[in-house]
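Biologist: Could you walk me through this one slowly? I'm new to reading structures.

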Amino acid sequence: MTGLRLGLAAGSLTGVVAANALALALGPEQGRPLFAICAVFALGAAVFGLLVRNDRFGLALLASAPPALGLLATDRTWLLGPLGVLLFAAAELCAWSWEQRGAGADPALPAHRVLRSAVLCGVGLAASLLCYAVGAAHPLAGTAAVFAAALGTAVIAWVLARAGARR
Amino acid sequence: MSAPTGQPTMLPPRREGRLLPYLAIVIGSLVVAVLAGQPAVVAFAVPFLLALGVGLVRTGRLPVTATLTVDTSQLLEGDLIRGEITVDWTGPLDLEVLVRTPNGLVGVPPYPTRWAMPAATGPLRFPVVLRAALWGRHAAGEVWVRARAPHGLLVWQGRVATGPSLRVLPQVERLNRLLDPAESRTVAGVHQARRIGEGYEFAELRPYEPGDRLRDLNWGATARHGRPYVNRHHPELSGEVVVVLDTYTDGTTEVLARAARAAWAIASVHLQAGDRVGLIGLGGGWRTLHPAGGERAKYQLLETLLAMGADAMDTASHNWVSHRLPVPESALVIALTSLYQRSVVRFCQDWRARGRAVAVAVLDAGDALPPPASATDVIARRLWRLELDRRRAALADVGIPVVTVGPGGLARSVVGGLRRLGRSRTVRAAR
């Protein structure tokens with residue numbers, strides 16, 4: 001395992017651990033044992049996904065969802081968006097670390113690759129907070145509004161990216 | 001030299017490991033949000049939704065045009081091959097290009113055989129330097145490409161080009177001595193025949209008889225005895241030699257390389273001397289070449305040798321028996337073997353039992369092994385050495401001369417050793 005891959009894998013694992021730890025610490029007390037089991041499973045899946053099979057990292061994301069969604073029982077629901085971004089960043093780092101497999105000598109850290117992932121995470125964070133804000137501001141039609149906003153965000157991203165690719 | 005360039009290769013997309021989990025999180029979160037009436041759940045899914053939107057911008061098959069060109073089609077073991085890969089495609093892609101080399105070719109550090117370029121646009125050219133590690137006919141590598149769009153969740157991967165076929169010849173070893181074939185043929189050559197006839201090698205002195213040539217008169221003997229005496233000579237004839245090349249391998253190439261060098265050296269020098277030389281390959285796929293002489297035979301022999309080299313790494317078993325092998329009765333069989341396979345011993349014994357003259361050169365590649373890593377390793381090697389000694393003894397017991405060939409002076413030691421043993425024990429078949 002090269003140094004860069006090790007660093008990326010460590011960052012990814014940190015993301016999963018941080019998201020689950022935050023969700024457990026700030027989530028409701030009554031469901032904590034169940035959520036803890038999910039978190040441990042997520043941690044194991046993340047390690048397996050980072051070291052053995054990259055396509056198993058998805059299990060870590062899915063197992064992290066229950067502890068995160070447990071925040072719905074508290075008044076810290078605004079944290080769902082940042083937790084989603086944290087898990088998303090962990091998944092991106094995992095994919096990036098697997099891209100480094102067999103690269104031989106450590107290549108220089110490609111700045112634009114970091115920038116690209118950072119931009120995606122930043123836009124994701126902004127969009128998720130925006131969606132949360134829309135939902136919070138319109139409580140009567142919140143779900144539909146957020147649903148529409150989320151879909152709209154994805155469509156706009158898809159159109160812009162497609163235009164960029166053609167250019 | 002270049003491989004034939006054709007239409008672009010259409011690479012089908014494959015989903016990356018992230019695609020399904022992202023989809024599951026997005027769909028699950030949206031369903032939960034709608035069912036539970038909790039808009040905040042959607043915020044959890046938004047980054048993944050965004051990634052899906054961006055990651056599926058480019059779909060469908062990806063046309064990639066690639067060529068691998070090299071500067072030569074024929075080279076010697078150990079030579080370097082220089083070439084160039086050209087890859088072309090449309091749009092920006094994170095691209096990985098890999099040259100997969102066949103068993104006979106290897107990369108040369110520090111020259112890379114893998115390149116990774118983020119957000120690159122075609123066409124691109126990559127210089128390639130490879131080394132011919134093993135004799136035989138090999139393709140000059142395959143070009144594999146793995147591409148993904150920036151932020152993409154689809155991967156296009158596949159082989160996009162194959163290099164031209166290369167002929168890697170064994171390194172040349174020079175020989176200045178020949179082995180004696182079992183029975184010379186009545187064709188002019190350089191071997192001394194057992195019978196007496198026209199030639200240059202003195203055989204005997206006898207009184208003149210009508211019909212003898214006057215040029216054969218031995219004037220000294222004639223003067224001493226007071227009656228005419230003539231010199232008799234051995235005719236110089238050609239023989240038949242069948243080189244048996246054992247290409248069974250334990251995965252290392254050193255034994256194969258040494259065997260090929262020795263086989264080629266022995267065959268070349270005997271062809272040059274006017275002998276008829278045949279070749280039998282024991283290994284992944286068995287091949288034979290009937291004994292023949294002349295320039296054409298030399299090229300056929302080389303082609304067969306190269307084909308054996310290409311088969312050499314294939315260790316699949318085969319189901320032939322030695323009596324099917326076309327070894328002429330008068331031929332001297334020289335087996336070049338590592339004795340890794342017990343069956344080779346059986347084949348040689350079988351040839352010997354059928355009256356062929358057989359000689360065996362055992363190729364010892366012990367020097368090519370890494371130093372033993374543990375006491376178990378030392379014991380294992382000692383046991384293996386004992387087993388090889390037992391196989392050598394099994395050959396010697398039936399009158400087959402066996403020489404062990406080390407790394408230096410390979411072909412010379414084969415010929416020298418077999419000639420030496422031939423004097424003491426005979427390399428000729430009992431008839």
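Below, we go through the two chains by question and answer.

Modeller: Before we start, residues are numbered from 1 along each chain as its sequence is written, and chains are lettered from A and ligands numbered from 1 in the order in which they are written. This is a predicted model, so local features need pLDDT of at least 70 and side-chain atom pairs count only at pLDDT 80 or more, while totals for chains, interfaces and linings use all residues.

Biologist: What pattern does chain A follow along the sequence?

Modeller: Helices (H or I, at least four residues) and strands (E, at least two) are DSSP runs, numbered from the N terminus. Chain A has six helices and zero strands. Read along the sequence, that gives α-α-α-α-α-α.

Biologist: How do helix 1 and helix 2 of chain A run relative to each other?

Modeller: Axes are lines fitted to C-alpha atoms, for helices over the stretch in contact, and angles run from 0 to 180 degrees between N-to-C directions. The axes of helix 1 (residues 3-26) and helix 2 (residues 32-51) of chain A come within 10 Å and cross at roughly 175°. Angles under 35 degrees count as roughly parallel, over 145 as roughly antiparallel, 65 to 115 as roughly perpendicular and the rest as oblique. Helix 1 and helix 2 of chain A are therefore roughly antiparallel.

Biologist: Which helix of chain A gives the largest share of the side that touches chain B?

Modeller: Two residues are in contact if their C-beta atoms, placed from the backbone, lie within 7 Å. The contact takes 50 residues from chain A and 38 residues from chain B. On the chain A side, helix 3 (57-69), helix 4 (80-99), helix 5 (111-137) and helix 6 (142-166) give two or more residues each. The largest share, 14 residues, comes from helix 6 of chain A.

Biologist: Is B:Phe44 buried or exposed?

Modeller: B:Phe44 is found in helix 2 (residues 40-55) of chain B. Leaving aside neighbours within four places in sequence, its contacts include A:Ala68, A:Leu80 and B:Ser29. A residue is buried if 20 or more other C-beta atoms lie within 10 Å of its own, exposed if 12 or fewer, and partly exposed in between, with C-beta atoms placed from the backbone. B:Phe44 has 33 such neighbours inside 10 Å, so it counts as buried.

Biologist: How far apart are the end C-alpha atoms of residues 20-52 of chain B?

Modeller: UniProt, in an unreviewed entry, places the feature "transmembrane region" at residues 20-52 of chain B. UniProt positions are given in the numbering used here, feature names are shortened, and annotations may be inferred rather than shown by experiment. In the model, the chain over residues 20-52 of chain B is 91% helix and 0% strand, and its end C-alpha atoms are apart by 10 Å.
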